[in-house]
Amino acid sequence: MKRTWTIIGVSDVAGSFKWYQSLFGQPETPPSHDHFGQILDTDGTVLLCLHQWGAHEHPSLMSPDEASPGNGLLLFFRVDDFDMTLKRARALVARFEEEPHVNPNTQTREFSLRDPDGYYVSISALPAPQRKEPARRRPNKRFQPTKARGRIRKSREKRPRLRG
């Protein structure tokens, strides 16, 4: 399996770390370093990496002054607890960029907000699993006669019964 690790430049790793943990309803823990942290899902999947602006000499993470933070980037997360995430998001920001609505393309509910560094964050409901068609019950093979069972019955029918 291949995974993408999205890394964004932030001014305050610890503050952004706390903000994203709060948005996703995760327990508050400190980032692993003062200049870098990974937001992990419960199964250990990396959801987002936060990198201190200018902490290392990565050309695109030198300074937010070179370009607007988030220019050309949309952080898009699909969540299985949409209503709770919406409630937590309302507690984090004064206003949304987009209020909750149904996306006509995905037919799922979503909303958008800005994180502390100005990144555009969209949250979308993970659709419930859908069945293509109702499951059919297979007949229980235990109750179906096999060729061997049929032969046993026939051979018993040919034998004369003894009376005692």
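## Y20 and the nonpolar core

In this predicted model, Y20 touches I8, I39, L48, L50, L75, F77, D115 and V121, when residues up to four places away in sequence are not counted. The largest nonpolar core holds 27 residues, and among these Y20, L50, L113 and I123 are the ones that touch the most other members. Two or more residues of this core come from each of β1 (7-10), α1, β3 (46-52), β4, α2, β6 and β7, with α1 giving the largest share, five residues. In soluble globular proteins, nonpolar side chains tend to be buried together.

## The two faces of helix α2

Helix α2, which spans residues 82-92, has F82, T85, L86, R88 and A89 as its buried residues. These lie on the same side of α2 because the arc they cover around the axis is only 170°. An α-helix has 3.6 residues a turn, so residues three or four places apart point the same way.

The exposed residues K87 and A91 are carried on the face of α2 that is turned away from its buried side. The buried residues of α2 are covered by elements that include α1 (13-23), β4 (75-79), β5 (98-102), β6 (109-114) and β7 (120-125).

## The largest pocket

The largest pocket contains about 330 Å³ of space, and of the 16 residues that line this pocket, D41, L47, R78, V79 and D80 are the closest to its centre. Both β4 and α2 supply at least two residues of the lining, and β4 gives the most, with four residues. Divided by class, the lining consists of seven nonpolar, four polar and five charged residues.

Technical notes
Residues numbered from 1 in each chain as written. Predicted model: local features only at pLDDT ≥ 70, side-chain atom pairs only at ≥ 80, totals over all residues. Heavy atoms only, no water. Buried < 20%, exposed > 50% of the residue type's maximum accessible area, 1.4 Å probe, protein only. Arc of directions from axis to C-beta. Contact = heavy atoms within 4.5 Å. Core = buried A, V, L, I, M, F, W, Y, C linked by side-chain atoms within 4.5 Å. 1 Å grid on protein atoms, 1.4 Å probe; cavity = no way out; pocket = protein on both sides within 12 Å on 5 of 7 lines; lining within 4 Å. Points joined across faces, edges and corners; volume = space filled by probe spheres on them. Nonpolar A, V, L, I, M, F, W, Y, C, P; charged D, E, K, R; others polar.
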